[in-house]
Amino acid sequence: MTREITLSKAVNEAIAEEMRRDPTIFLLGEDVAEAGTPFKVLSGLVEEFGTERIIDTPISEPGFMGMAVGAAMTGSRPIVDLMFGDFLYLVMDQLCNQAAKTHYMSGGKLKVPLVLRTNMGATRRSAAQHSQSLQAIVAHIPGLKVAMPSSAYEAKGLLKTAIRDDNPVVIFEDKLMYQDKAPVPEEEYLIPFGQANIKREGRDVTLVATSSMVQVAEEAAETLAREGISAEVIDPRTIVPLDEQTIIDSVRKTSRAIVIDEGHQSYGVTAEIAARISEKAFYHLDAPVIRMGAMDVPVPFSPALEDLTVPTSEGVAENARRICRGELVHAA
Amino acid sequence: MSAARKKHNTEDYLRMYKQMVRIRAFEDKANQLYLSAKMPGLTHMYSGQEAVAVGICEALTDEDRITSTHRGHGHCVAKGANFREMFCELLGKEEGYCRGKGGSMHIADQANGNLGANAIVGGSMGIATGAALSAKRLGKDFVTVCFFGDGATAQGLWYEVMNMAALWKLPVIYACENNGYSEYTKTDEIAAGSLVKRAEAFGIEAFQVDGQDVLAVNELTSRLAGRCRKGEGPFFIELDTYRYHGHHVGDINRDYYRTKEEEAEWKDIRDPITNFGKSLIDQKMFTAEELVAIDNDIAADAEAAVDYALKAPYPDGSEVDMHVFAGVDHALDYLRGAR
């Protein structure tokens, strides 16, 4: 029987295994060494690899992000730890104007093999600047790959692939899932980018969900199954590149689709995937494709308000019921 | 590129002279290409600042890295680039250093250690400092010089990376080319206090040097690069210099921010090429005729490279989605999940 470990441990193992394999890898960020990050994801790494390779930086996100770009261009393979996804706004120039474009602007001469690990996810009562899910903003920029692990298994396999990739890769870990356990093999494995995982097969409706929304979709699918509605759950695993074919094949089979992601709904990941389904499976659809993202408001602090802003399994199940009944569902 | 040497000799002086003349010749041609509407977009002239790029790059080895700026042709030439690939890049041609994808503001020449020009003011300060971190971590001997202008000292990024460079004793030299103008604004109006003291506040040894004196720049840089290799970095140099043209080639009417008398004074009295040439003649290393012959040869080289680049083919349209990702031939197929 496969052991079960937490997502946090899976990330830690992936980094340790890769750092043992390749001496050019180092990790930098705020409070990553002795503190092991506020979420303790990196605990123990500095003891094995020392402060030369697990580097505590000042609170200077643009500075250390920029340095990672320069290090990546000159033979190193840095892993950047960005303590909260919300801090992406601080590093946008270095990530989007520098890291993402260097290979292209140099006509393929310069490479930027770096990984930016950060997090996402609301409902931790952390208010508007520590709760955002900003994957759509990064996915919009050509030259960046974007991975969204949905469990400890994905977290490890995708991170190892990211570290070996010769391009800048941004990984969003849902901070509410760090203590969630999942079966993770002892032996080495990698998960390729651009290959979606069909988490559950179904006939009546396709639920395309990212990161922690995969759990939400699976719960909804359980509920729906008891009511005689068969839902297929697809986890794209990476949104850049996106495995369109698996999604389109599923929708052609089920004729209905709901796309669930925790980023803001407008101009978001759900909109992009819904548009591709509409373009490529339109004549197979029996209902409009539904987007379910986070409400288009800053994340509120009060639990009474915050819980209203994120997609829930009840909400997904209700939308699925309605489109399966032939009702028209308007986007929130 | 010559390796850093402890003592200069006639050969070194000749190289420095030639490299400065090459930059001036390149820029004169680039300006003509713009004025005759043969160049797409616009560009920023380095003319007047040649002693900075040449004095510094002649103190570096091929392995040493530089990061460059939007006013970067001088750095590129000084670090060893060829006219032909440079003009091809400026014109968006396939044979350009970046296959026409970068242009004037993003020209990069990896083979000679040029990590690229950068169109974000101050945008390469992190890259240069990270390259120095790479050298230290990987046990490599190379030094990185970060070129930037006085305008870039207003960017917060510089203070973040200087702090880390000083904390971790990184082999990086911050070379601030103070040409007196932050785009269309006098530097005095945008910079409070002293730039040198800003670096010194981080415990970084800082120097001010006449950026029109190629030998002074070269001597200082040679010394600091050597000290960087011994783990004594980082360093800061403020180089006082002047840009002959406007902020970019289209900035022709400049009376509202600086006088023609000021421009004439720098060109007549402090030109780095004229003055260095005179000193070579005074020291009887070369005759005036020999230097004129060198100037003419270089001008002919530039002319030939421009002619070549004008006739060179553009990249095939199929290249538009190449080089988005390393290891991926065509990004558009890849982004849709093609295997």
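User: What do the buried residues of α8(A) pack against?

Analyst: The model is predicted. In it, the buried residues of α8(A) pack against β9, β10, β11, β13 (257-264) and α9 (269-280) of chain A.

User: Which residues of α8(A) are buried, and what makes a residue buried?

Analyst: They are A:E244, A:T246, A:I247, A:I248, A:S250, A:V251 and A:T254. The cut-off is 20 or more other C-beta atoms within 10 Å of the residue's own.

User: What follows α8(A)?

Analyst: A:S255 follows α8(A), and its phi is positive, near 70 degrees.

User: Why is β11(A) called largely enclosed by the rest of the structure?

Analyst: Strand β11 covers residues 231-235 of chain A, and 5 of the 5 are buried, so the strand is largely enclosed by the rest of the structure. A:A231, A:V233 and A:D235 point one way. A:E232 and A:I234 point the other way. All of these are buried.

User: How do you know that β9(A) and β10(A) pair with β11(A)?

Analyst: Pairing needs at least two bridges. Strand β9 (residues 197-200) of chain A is joined to β11(A) by 3 bridges, running antiparallel. Strand β10 (residues 205-209) of chain A is joined to β11(A) by 4 bridges, running parallel. Both counts meet the cut-off, so both count as pairs. As for partners in β11(A), A:N197 bridges to A:D235, and A:L207 bridges to A:V233.

User: What stands out in phi at A:S211, and where is the residue?

Analyst: A:S211 has a positive phi of about 50 degrees, yet it is not a glycine. Most residues other than glycine have a negative phi. A:S211 lies in the loop between β10 and α7 of chain A.

User: Why is A:S211 called buried and B:E183 partly exposed?

Analyst: A:S211 has 32 C-beta neighbours inside 10 Å, so it counts as buried. The cut-off for that class is 20 or more. B:E183 has 14 such neighbours, so it counts as partly exposed. The exposed class is for 12 or fewer, and partly exposed is in between. B:E183 also has a positive phi, near 55 degrees, and is not a glycine. Its place is the loop between β4 (181-182) and β5 (185-186) of chain B.

User: How do you know that the bond between A:V240 and A:P241 is cis, and where is A:P241?

Analyst: Omega of that bond is about -5 degrees, and the bond is cis. A:P241 is in the loop between β12 (238-240) and α8 of chain A. Chain B has a cis bond between B:G233 and B:P234, with omega about 0 degrees. B:P234 sits in the loop between α9 and β7 (235-240) of chain B.

User: Why are β1(B) and β6(B) called edge strands?

Analyst: The open sheet has 5 strands in the order β1-β2-β3-β7-β6 (chain B), with parallel pairing. β1 (65-67) and β6 (205-210) each pair on one side only. Neighbouring strands are turned by 20 degrees against each other on average, direction ignored. β1(B) pairs with strand β2 (residues 144-149) of chain B over 3 bridges, in the parallel sense. There B:I66 stands opposite B:V145. Helix α5 (residues 125-138) of chain B packs on the sheet and touches β1, β2 and β3 (172-178) of chain B. The direction of α5(B) makes about 170 degrees with that of β2(B).

User: How do α2(B) and α9(B) cross, and which residues make the contact?

Analyst: The axes of α2 (residues 50-57) and α9 (residues 214-229) of chain B come within 7 Å and cross at roughly 35 degrees. The crossing is right-handed. α2(B) gives B:A51, B:V52, B:V54, B:G55 and B:I56, while α9(B) gives B:V214, B:V217, B:N218 and B:T221. By class, that is 6 nonpolar, 3 polar and no charged residues.

User: What makes up the side of chain A that touches chain B?

Analyst: 44 residues of chain A are in contact with 39 residues of chain B. α3 (61-72), α4 (92-105) and α8 (244-254) of chain A each give two or more residues to that side. The largest share, 9 residues, comes from α3(A). The side divides into 16 nonpolar, 21 polar and 7 charged residues.

Technical notes: Residues numbered from 1 in each chain as written. Chains lettered and ligands numbered in written order. Predicted model: local features only at pLDDT ≥ 70, side-chain atom pairs only at ≥ 80, totals over all residues. Contact = placed C-beta atoms within 7 Å. Nonpolar A, V, L, I, M, F, W, Y, C, P; charged D, E, K, R; others polar. Axes fitted to C-alpha atoms, helices over the stretch in contact; angles between N-to-C directions. Left-handed = near helix turned anticlockwise from the far one by under 90°.
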